[in-house]
Amino acid sequence: MKSSKHKNYHKNYYNIEIPYGNGMLLYNILNKNFVFLNSRYTYLYQNIEELRKSDNQEILKEFLDAEFVLDNSIDERMEYLRNFHLHRWFSKKLLFTIVPTTACNFRCPYCFERGIKYVSMDASIIEKSTKFIEERIKIFKPEEVSVSYYGGEPLLELNKIFKFGYFFKSLQNKYDFRLGADIVTNGYLLSINTVFELYNKANIKSAQITLDGPPRIHDARRFLRGKRKTFDAIYKNISEILASDLDFIIRIRVNVDKTNISYLEELLKILSKLPNREEKLEIYFSPVTGESDRLHKGNRGIFYSEEEFGKVYVNTIIPLLFKYKFDYERYPDISYVFCAGITPFHYLIDSDGSIKKCFDLVGREKESVGHVESYNDGDKRVLKWELFEPLGKECLDCKYLPICGGGCPYKKMQRGENVCEPWRYVLKDLLVKIYELKSSKKVGQ
Ligand code: SF4
Ligand code: SF4
C-alpha cells in the first residue's frame, strides 16, 4: 500500500467554503460535516502539498476522515451520478399516492386544484385500482411500500381509505414487504377518534396539515364554504393528537408568501405551546410560488421567487425557529432524485382511475399518463416522464446538485429551463446563520 506521502489528494468538490473570522467555515454537502477551521487548518486545507508533509499527517487524517479531502482515486462527482442512476432505476421501495376524492370542504383561494371537477372514486375504480396495485407489486417485488392518501380532502372519503388500508395489509401478508402510510389533509376532520381508526385500519402514522398563520390570517386564507373559520378546529385536533399516547407524527406545513410572512412569529408562538412537540411535531415552510403564478395572474406580486424565498428562509424563518425552540439546525438532505415522478416507482392514482406523475396534476385529465385499467409502461406519456433528462451540463457541474437533484421536473418541463432549488442561493448564508445561532447559544448557556 502506498503511504500518504506518495498519494495525491484533492478537496471534495462538494465542500462549501466560507471565509470567516481568521479562518473558514467548511461544510460538506454530501455528509453534512460542518466545522470552523482556524487559520492554521485553513492554510493546510488550502495547500494540500503542505498537508501531505510528515509533520501534518494527523491533520491530514482528520480531513480525510471528515471527507473534506479525498484520495485522488475517488471521483465524488461520478459517484454521485452513479447513485443518482441507482436511485432512479433500482429502488426497492414502491410509492402509491391514492386520491379517494378531488372534492374538498375548504375553499382556499391559492389552491392549485382550483377549478377541477369534484370526483370521488367509485367501487369499480377502487376494484380496478387494487388490481393495478397488485400487478405493480408483482412486477417490482418491493421490500417496502409507502402509501400516501391525498386529495381534494381525503378524509371526506374515510371508508375508501379504510378499504385501501385493508387491501394493502392483505398484500403485505401475501408479498411480505414493509408498509408505511401517511395522509395529506387540511386537518379539519382529523379528530383524535379518526386518527385512531386511520392508524389501526390503514396503517397511517403521520399527517401533513397546513396552517398558514395565526387564527385570523389562517382563517382568511383557508376557510370553509361561506368563509367559515377553520383554525380553532384544526388546532384542537392537532393538540389532542399530540397529547395522546399514539405514536403519530404531525407535520405542519406553512405556505409562505409576501402577505403572511410577517405573521409567522405569531403562529410559531402559538405552536410552541403544543404538547409533546419535540417528539411528535415537525414544521416546515413552503413557498407559494412557481406554478401558482399560472393560476393567479392578477396576484403575481405576492409570491416569492425561489431566490427570494431562500433569503426569507434564512433571515426570517430560521431565527424564529431558534427563538421558539424548534429545530433550527436544518441542513439540506441529499436528493439523488428530486422527484419520484421521473422514476417507475411512483404511481398517483387519481379519483377517476387515471394515473398521474405529479401531485400538482391531480384532477387534470390532459396530464394523465394512463389509467388503472389499461396502464402501459411503453405509453409515450409515461416515457415522457420516466425518460426525462433532469441533468443538463449546468446541473452536472453544479456544486449544489446533491441537494437539488436537478429540481422539480414538472417546472423544468413547463419553463424549459432549470428551476434551481432555493439552497443554491442561500446555502452559505444559512450555514453562517446556523453557526452564529449555535455559538450564541453556547455563550448564553
Ligand atoms: S414534478 Fe415537481 S411539483 Fe410535481 S410532484 Fe414532482 S417535484 Fe412535486
Ligand atoms: S437546477 Fe440549479 S441548483 Fe439544481 S443542480 Fe441544476 S443548476 Fe444546480
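Predicted model: local features only at pLDDT ≥ 70, side-chain atom pairs only at ≥ 80, totals over all residues.
**Entry 1: ligand 1**

I began with the make-up of the shell around ligand 1, which has six nonpolar, one polar and one charged residues. For the classes I count Ala, Val, Leu, Ile, Met, Phe, Trp, Tyr, Cys and Pro as nonpolar, Asp, Glu, Lys and Arg as charged, and the others, Gly among them, as polar. The names in this shell are Cys339, Gly341, Cys358, Phe359, Asp360, Cys408, Pro409 and Tyr410. A residue gets into such a list if its C-beta atom, placed from the backbone, lies within 6 Å of the molecule.

Residues are numbered from 1 along each chain as its sequence is written, with chains lettered from A and ligands numbered from 1 in the order in which they are written.

**Entry 2: ligand 2**

Next I looked up ligand 2, and around it I found Glu394, Cys395, Cys398, Tyr400, Leu401, Cys404, Gly406, Gly407, Asn418, Cys420, Glu421 and Arg424. I sorted this shell into six nonpolar, three polar and three charged residues. Two helices, α15 (393-396) and α16 (401-404), each give at least two residues to it. Helices (H or I, at least four residues) and strands (E, at least two) are DSSP runs, numbered from the N terminus.

**Entry 3: the two domains**

At the boundary, 13 residues of domain 1 are in contact with 13 residues of domain 2 (C-beta atoms, placed from the backbone, within 7 Å). On the domain 1 side, β2 (15-20) and β3 (23-28) each contribute at least two residues. That side holds eleven nonpolar residues, one polar and one charged.

**Entry 4: a helix pair**

I picked α6 (residues 158-175) and α7 (residues 192-202), whose axes come within 8 Å and cross at roughly 25 degrees. The crossing makes α6 roughly parallel to α7 (angles under 35 degrees). From α6 the contact uses Leu158, Ile161, Phe162, Phe164, Gly165 and Tyr166, and from α7 Thr194, Leu198, Lys201 and Ala202. I class these as seven nonpolar, two polar and one charged.

**Entry 5: the whole chain**

Last, I noted 18 helices and 14 strands in the chain.

Notes. Axes fitted to C-alpha atoms, helices over the stretch in contact; angles between N-to-C directions. Parallel < 35°, antiparallel > 145°, perpendicular 65-115°, else oblique.
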